[in-house]
Amino acid sequence: MAEHYRIAIIGSGPAGLSAAAHAATLGLSHVLIEKTGHLSDTISRYQKGKHVMATPSQLVLRADIAFEAGKREAVLGAWETAAARAGVNVRYHAEVIAIMGTGEPIAGSLQQVVTRRRDGGSDRRELQRCAPPYRLMLANGDSLVADAVILAIGTQGNPNLMTCPGSDNANVQYQLDDPAAYNDEHIFVIGGGDAGIENALGLAADAAQRNVVTLVNRSAEFSTAKDANVTALMAARDAGRISIMTGTTTRSIGPGWLVLDTGEGEVRARCDRIIARMGSAPPRGFVESCGVAFASSDRLAFPPLSAVFESTAPGIFVVGALAGYPLIKHCINQGYDVVEFINGNRALKPADEPLLEARLAGLPGRHGVDYWLEMLRSNITILNGMSPLQMREFMLDSAVRSYRAGDVIFARNAPGSSLFGIASGEVLVEVDPADTSITVPIPAGSIVGEVGLISGRPRGATIRAGSDCIVVEISRTAALKLMSAVPAAAREVARITTERSLLQIFKSGLTPADLTDVIASAKVETVRAGETIIREGEVGDDIFIIRSGSMVVEKAIGGKTIFLNYVPAGSHVGEMAVIDGGRRSATVRAAVKSEVVRLEGEAFRALLANRPGLATRLREEMASRTALNRFIESRKDSFGGVVEMYTGIANFLVDNGIGEATDVLLIDEKLCVGCDNCEKACADSHDGLSRLDREAGRTYAHLHVPTSCRHCEHPHCMADCPPNAIRRGPAGEVTIDDTCIGCGNCQRGCPYGVIRMDSVPPRKPWLIGWLLFGQGPGPGEPDSAWRYEHARKRPEKPKKAIKCDMCAGQSGGPACVRACPTGAAIRVLPEQFLSVALLDRDSG
Amino acid sequence: MASRGSAHEGFLRHANGRWCKVAILVSGLAIAVYALTDATPRPNGGTFAGYLLGSLAALLVLWLTMLGLRKRIITRGPYSLKAWTSAHVWLGLSLIVIATLHTGFQIGWNVHGLAYALMMVVILSGLYGVYAYANLPAQLGANRHEATQPQMLEAIRALDRQLDTAAQPLGHEDAATVRLSLEQCRVGGSLRQRLTGRQPGCGNRRARDAIAARVDVQRRQGKPDPALTQLLFLLERKDAALEQVRRHIAIKTRLELWLHIHVPATFALLAALTAHVLSVFLYW
């Protein structure tokens, strides 16, 4: 007979541990199931001494375990003590492999489980949900029964395991805690992702350890790893510290040896230790097999939950990161709340109630949080599909404001990537910048600002309140979460975007009704960087609207490919063939990974036939492009090499990420004397830490792109920030605020290596003191020796992510440019710089 | 937000040569004042025009000195160090005209003449600086090949490690040759060595030549030792790396060296100028 518990909690991270502690305090029969031999595996794997932060700071902690910011060891120690004191029943080294309802089958409750195959296809099977209690099968063959199950397993997943014979050998491990712990060993690191490369570099870093390190990668290239890591790896190989075997897999493993399958045949090698870093399988498959559905097939999707964290499987509750809450404090609160709910206290208000009250404070009328959440949910079309719990989380990332008629909601050319939903009233779009009286109304229930959300580019038009209205501003992060949680919302946003961008591009009095056929033919396509969407000389009449990313237009002139133009998101290409019916006159390829809307030429031609005015407008636009082509061709004859140089520079800049930049620092090496005053100025205007490395970076024709933030249209750093601390500021700058928890996700995510993790150095003495008496380290970033010497007296400051903020708030603009004595450093907007202006650069 | 140009404009041409025009204007005015006032018995520093030009020159010297402070104080306001440099260069050149007219072409072997001479030293060293800033940066960039100075030094250290490993199986004599490269090879050195980038008797070069001769003999005998060939390859790579970093340092030294005359001479000038002004007012 299996043991029977009231609550089984799977995973002993902050959420699971808090739930177990509260169950123990309430005296409920419970079991906390932990896969490893210690509590909170993810946090205990943090780097030694890492400062764990407690954000959001205004959120009250409601739990039976204590938590405040501090070193990893202190946090874990406090939790262990609290768990022991509360009398938590922990079962270590237990891995749940299946959860099944043991009650009656629930009529009509079927779970679709879709497994994707490697070849791109998918398998679909159906699962009948059964009522609780649930039987939990453990990996060691035991089983236990629980009335309610709390899934608190996070999103880390399990590492992919090696499958070759002998892989259960003791010398195979799936993580590396301390590279310094191994000496005199022959070590093979399997896997060429960032984790594998970083481990291999760590093991080989200190020659005194005398490790023989080999990195084994299945494919020939390191396509998933960051460039900086690959560069470091290649340098280590050239220095003879690491051997690399690409196109190689493991055949078998034994004590002290392993056999590899290389391109040239089998190789047997001495091997004391294998560190396998082959990625991890997300926990989604396991969660789905328990009967818990996910909102969509999107990688970002989370399970839809009721207001009490109950999933689609009755009696299975999901909390923590798996429920979409990555911050420790949220997790701890949810663990407490969910046990309260299971114990019958359904009236409990979530701990974020005061936060939401503050968010909603400025609104007219004396209504409670629940009223407003319901009002927004039911009035705004794209929010209709949200659950009350999702609405709460959604509102934490959003802001609701009321506007008087005539107030400006956002202005043309202002940067911003948030989406606005109109809850009541109506707003007006100023379609013509020259005449603000021409407006298009948008009614309540709809959205505005979707172009900024999708393209990341500045706002295309000013939006005013047409009547008194209530508008919710949805941050980009919240909007992306919303679109993956509610597929209907994603479809609606896509439809509105296409329709509006068409209306905006072809302004000549079109109405949405005219576009029905064209929009029906629209397909959203993702284009890889470098992929061609239009090829010169081919027949084709589809039109493309660039939703996100950017394109370059090229033309073959005299046997050479010449750069013609840079086309940012929000523009359109391909209409020339529709109008003159000829072949494509130039090639268009993606500068960075982009999204385009493909509209069929046929549907478009029909529209043109009905609207002669539109055809005239397009012809005019065409004339200016043809003139540009002619201009380039004429320069080609008179200057020869100049046009090639222009193409070379343009391609170099695009290769270096200028295609997705909004503002980039360039250095003219014909003027740069290497004084590093730009770096010193950067450090002195930002807490003593420089955010730029002048000397590093790529150079072409004396034009140097230093290691410095490009303020991307869709910042890679923003993609995975647990406290949502990275935002776009009022001048378009991408900045990191004080809520940074120092996790380093942004640093790993940045393909340009411009983010560093560091703590603020101690204050320097007065500059005059340095000039006259030599006090302190002088201008610029203090060296580590000085920092170390002067930091000892103060408490240690946590390391946080720092990056360029474009000197936001400093009236003079970026300090690097102001402080350049020779004019070598400039900051440019890509579409300004990637233009014919480049032709004026000297050909030398 | 400050307006931003989309092209690089050097400090000499800043704002369409605004400070060049100002400097020419100021010089022209100085010449006009000198030519139009009828000084008796002859023009010198003691006349009205002399005092005027002298005061202007002294104020200019003080302001020009402030560039050293300006470039180190990073304030938030809208200033451009490029504009400062531009003004510094052009107004500094106009000082030749103003100060020479101030002397009335009477220069003697005294503290006044010393001040004038020091000023000319400062200006001429500055002129060399302008020449260096106009010509050397392109060479510096072309020589770097996208490598930073720490990377260049690290590349040499990496080659040293590989040389060390490659030398392990060698005999005593060959190992001693490799040690020349490892132990008697410097990147920087004396000022002369840094400036020319040449290091006579560089250990690496001696080791390379010695090993190259040995490999050459072996090749002619038709049985080259692969270990020695590999070693030669490493030594040649190190030679190329050394040449790059030495040229880098040579160009950087040339970009900085003139400042070691310009700045101390400026302080000497300030002292001489103080003596000149005080002596004029106290003892004239």
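**Reading a two-chain predicted model**

Guide: Start with burial. This is a predicted model. Of the 284 residues in chain B, 42% count as buried.

Visitor: What share of the residues of chain A counts as buried?

Guide: In chain A, 53% of 844 residues count as buried. The cut-off is under 20% relative accessible area.

Visitor: Next, overall form. How do I read the radius of gyration of chain A?

Guide: Set the value against that of a compact globule with that number of residues. For 844 residues the globule would come near 28 Å; chain A has 30 Å, so the two agree. Its C-alpha atoms fill a box of roughly 90 × 65 × 65 Å along the principal axes.

Visitor: And what radius of gyration does chain B have?

Guide: Chain B has 28 Å, but a compact globule of 284 residues would have a value near 19 Å. Now take the box. Along the principal axes, the C-alpha atoms of chain B fill roughly 90 × 50 × 30 Å.

Visitor: Which secondary structure elements does chain B contain?

Guide: Count helices and strands, then read their order. Chain B has 11 helices and zero strands. Along the sequence the pattern is α-α-α-α-α-α-α-α-α-α-α. Chain A has 24 helices and 45 strands.

Visitor: What makes up the accessible surface of chain B?

Guide: Look at the total, then at the atom types. Chain B has an accessible surface of about 15700 Å², with 63% belonging to carbon and sulfur atoms. Chain A exposes about 36400 Å², and carbon and sulfur atoms supply 51% of that.

Visitor: How far apart are the mean positions of positive and negative charges in chain A?

Guide: Compare the two mean positions. For the 90 positive and 95 negative charges of chain A, they lie 1 Å apart. For chain B, with 31 positive and 16 negative charges, they lie 10 Å apart.

Conventions:
Residues numbered from 1 in each chain as written. Chains lettered and ligands numbered in written order. Predicted model: local features only at pLDDT ≥ 70, side-chain atom pairs only at ≥ 80, totals over all residues. Heavy atoms only, no water. Helix = DSSP H or I, 4+ residues; strand = E, 2+ residues; numbered from the N terminus. Rg over C-alpha atoms; globule rule 2.2 N^0.38 Å. Buried < 20%, exposed > 50% of the residue type's maximum accessible area, 1.4 Å probe, protein only. Areas by Shrake-Rupley, 256 points an atom, 1.4 Å probe, with all protein chains shown as cover. Lys, Arg positive; Asp, Glu negative; His and termini not counted. Charge placed at Lys NZ, Arg CZ, Asp CG, Glu CD.
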